[in-house]
Amino acid sequence: MSTSPRPKSLAMMFLLGAFLTGGAVGFAAERAVSKPVVMLNDEKSMREELARELRLTAEQKVVLDSAWEWRRARSREIMAAVRPALDSVRDSARVRMMIVLDEGQKESFRRLIERNQRLADSAERARGTSK
């Protein structure tokens, strides 16, 4: 009986290694060549980046800021109209999920829901968009 790996297994290990190495090299090269992506987490940062990227004049910035505020106000109106329906769907889904959970899982699920609500509330306060 031979102790050396079978040729097919050896070939598969080689191909897997080549694939993983190629992926790692490609990822590193893409990161080295590409322009860094700016993660914009708040409206003020997005507006500032837009103004900087487009090299807006002061007059253009006023018009774009006005359009941004108009969009934000309209979006709030729309969300106020659909929020009750979305909340109802979310709550119904949670009830359906709870049916299959045991008591320990239900308690963990409730804690997750509460934690997510605290995070959402905190994010709304930070954005100044509290209900």
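Tutor: Start with a side-chain pair. The side chain of E49 makes a polar contact with the side chain of R52, at 2.9 Å. Keep in mind that this is a predicted model. E49 sits in helix α2. Is E49 buried or exposed? Its relative accessible area is 17%, so E49 counts as buried. The cut-off behind that call is under 20%. Burial is worth noting here, as buried residues make up 7% of the 131 residues in the protein chain.

E48 forms a salt bridge with K44, and the closest N and O atoms are 3.6 Å apart. Side chains of opposite charge can pair when their charged atoms come close. The two partners differ in cover. E48 has 35% relative accessibility, so E48 is partly exposed. K44 reaches 58%, so K44 is exposed.

Helix α2 also has a nonpolar side. L50, L54, V63 and L64 form a nonpolar patch on the surface, with about 320 Å² of accessible area together. Two elements give two or more residues to this patch: α2 (43-54) and α3 (58-98). L64 has a relative accessible area of 31%, so L64 is partly exposed. Patch members need over 30%, and L64 has 31%.

Now follow helix α3 to another charged pair. R72 forms a salt bridge with E69, and their closest N and O atoms are 3.7 Å apart. The spacing is three residues in helix α3, so R72 and E69 are about one helical turn apart. R72 is partly exposed at a relative accessible area of 22%. E69 is partly exposed too, with 35% relative accessibility.

E103 and K106 both lie in it, three residues apart, about one turn of the helix. Their side chains meet in a salt bridge at 3.6 Å, N to O. Buried or exposed, for E103 and for K106? E103 is exposed, with a relative accessible area of 57%. K106 counts as buried, at 18% relative accessibility. Some bridges also link up. Salt bridges that share partners join E43, R47, K61, D65, E69 and R72 into one network. The count for the model comes to 15 salt bridges.

Step back to the whole chain. It has four helices and zero strands. Along the sequence the pattern reads α-α-α-α. How many of the residues of α1 are buried? The count is zero, and α1 is hardly covered.

The accessible surface of the protein chain comes to about 11400 Å², and 63% of it belongs to carbon and sulfur atoms. Among contacts with a separation of 6 or more, residues 24 or more positions apart account for 27%.

How values were computed: Residues numbered from 1 in each chain as written. Predicted model: local features only at pLDDT ≥ 70, side-chain atom pairs only at ≥ 80, totals over all residues. Heavy atoms only, no water. Buried < 20%, exposed > 50% of the residue type's maximum accessible area, 1.4 Å probe, protein only. Contact = heavy atoms within 4.5 Å. Areas by Shrake-Rupley, 256 points an atom, 1.4 Å probe, with all protein chains shown as cover. Patch = residues over 30% accessible without salt bridge, like charges linked within 9 Å, V, L, I, M, F, W, Y side chains within 5 Å. Salt bridge = Lys/Arg side-chain N within 4 Å of Asp/Glu carboxyl O. Polar contact = N/O pair within 3.5 Å; in protein donor to acceptor, adjacent residues only side chain to side chain.
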